[in-house]
Amino acid sequence: MTQTASDGATDLDAAVVRGAEAIGAHVAAARAAIGQVIFGQEQVVDRALLTILCGGHALLVGVPGLAKTKLVEALGTVLGLDARRVQFTPDLMPSDILGSEVLEEDEHGRRSFRFLSGPIFAQLLMADEINRASPRTQSALLQAMQEYHVTVAGQRHDLPRPFHVLATQNPLEQEGTYPLPEAQLDRFLMQIDVGYPDREAERRILLATTGADEARPKAAMTADDLLSAQRLVRRLPVGESVVDAILDLVRAARPETAEKSVADRIAWGPGPRASQSLMLAVRARALLDGRFAPSIDDVAALADPILKHRMALTFSARADGDTLESVVAKLVERLG
């Protein structure tokens, strides 16, 4: 019997539903496991998980002591990923991250070069205080984030999959730092702002971390489970209304296509990568919430972390007290 197109679509939908139910259980377990060691940062945890489910990278911005490093360590354990950390400093060289070739001599006196891989050959890399390294070192890392391979001495070396970078940045101390250029910021799917915990969450932190025993995260997924989840995210259906909302929002944030009242306040706006990031992120948010398709509410919820590091305000807008957050919020209100 010949299968019709509608039968094929039905089978695909059924496969997506089954996959979403299975992966949803894994993701829910991962979220709960991280919640056992990270308190009062539910939104930060969710956005970090969303970024990884999308196959992307995130920039964590917050003052010291807000568990950014602990979050990355917990994600590595819970998701079953090989996680490593690099502390970025002004004297850090690209080879300290990518690796280098060394000259070796065998027992017969023959010499040859052997590649020693650097810490970037991990599934989850924490780039701690990324803006403290020189632009040369930053660009070496960010190129790898985009291309998923490194080239040393003319030889290509592929990175492991999945591969994710969670970079941190301190918004206060700007002495001796090298701000990331706009083109490099665009490589990050999200900018996740890490704020202070509320009083009750801070009470839990005190009680849980200053005693004789400290809770440790437990694995809830494997790297293969994560790859399956990433493939599923790309298969979730997206309605035309959600696609239109993404296009309306991103195009309204560009001075060339924005309304005049907004265009006068934006120096430059997000490119197509912002639309792509939103398209993936709303699907991942739906999966995280146990839904099979995203809604316009998902677009509104993720507009801020996906757009604000891809925009800049004019001098007059900053002088009037506008912020990127307030401008994005106004754009979201117009989605209706």
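K308 counts as buried, at 6% relative accessibility. The model is predicted, and K308 takes part in a salt bridge with D193 in which the closest N and O atoms are 2.2 Å apart. K308 belongs to the loop between α12 (296-307) and β11 (312-313), whereas D193 belongs to strand β9 (residues 190-193), so the pair ties together parts that are 115 residues apart in sequence. D193 is partly exposed, with a relative accessible area of 30%.

**Salt bridges across the structure**

- A search of the whole structure finds 19 salt bridges.
- In one of them, the side chains of R85 and D128 meet at 2.5 Å, N to O.
- R85 is placed in strand β2 (residues 83-87) and D128 in strand β5, so this pair ties together parts that are 43 residues apart in sequence.
- R85 counts as partly exposed at 46% relative accessibility, while D128 is buried, with a relative accessible area of 8%.
- The side chains of R132 and E129 also meet in a salt bridge, at 2.9 Å from N to O.
- R132 counts as buried, because its relative accessibility is 14% and the term applies under 20%.
- For E129 the relative accessibility is 21%, and this residue counts as partly exposed.

**A salt-bridge network**

- K308, whose salt bridge with D193 was described above, is buried at 6% relative accessibility.
- Elsewhere, salt bridges that share partners join R31, D46, R285, D289, R291 and D298 into one network.

**Backbone features in loops**

- E129, the salt-bridge partner of R132, has a positive phi of about 55° although it is not a glycine.
- E129 is found in the loop between β5 (124-128) and α5 (135-147).
- Y148 likewise is not a glycine, yet it has a positive phi of about 60°.
- The position of Y148 is in the loop between α5 and β6 (149-152).
- The peptide bond from R161 to P162 is cis, with omega near -5°.
- P162 lies in the loop between β7 (155-158) and β8 (164-169).

Methods
Residues numbered from 1 in each chain as written. Predicted model: local features only at pLDDT ≥ 70, side-chain atom pairs only at ≥ 80, totals over all residues. Heavy atoms only, no water. Helix = DSSP H or I, 4+ residues; strand = E, 2+ residues; numbered from the N terminus. Salt bridge = Lys/Arg side-chain N within 4 Å of Asp/Glu carboxyl O. Buried < 20%, exposed > 50% of the residue type's maximum accessible area, 1.4 Å probe, protein only.
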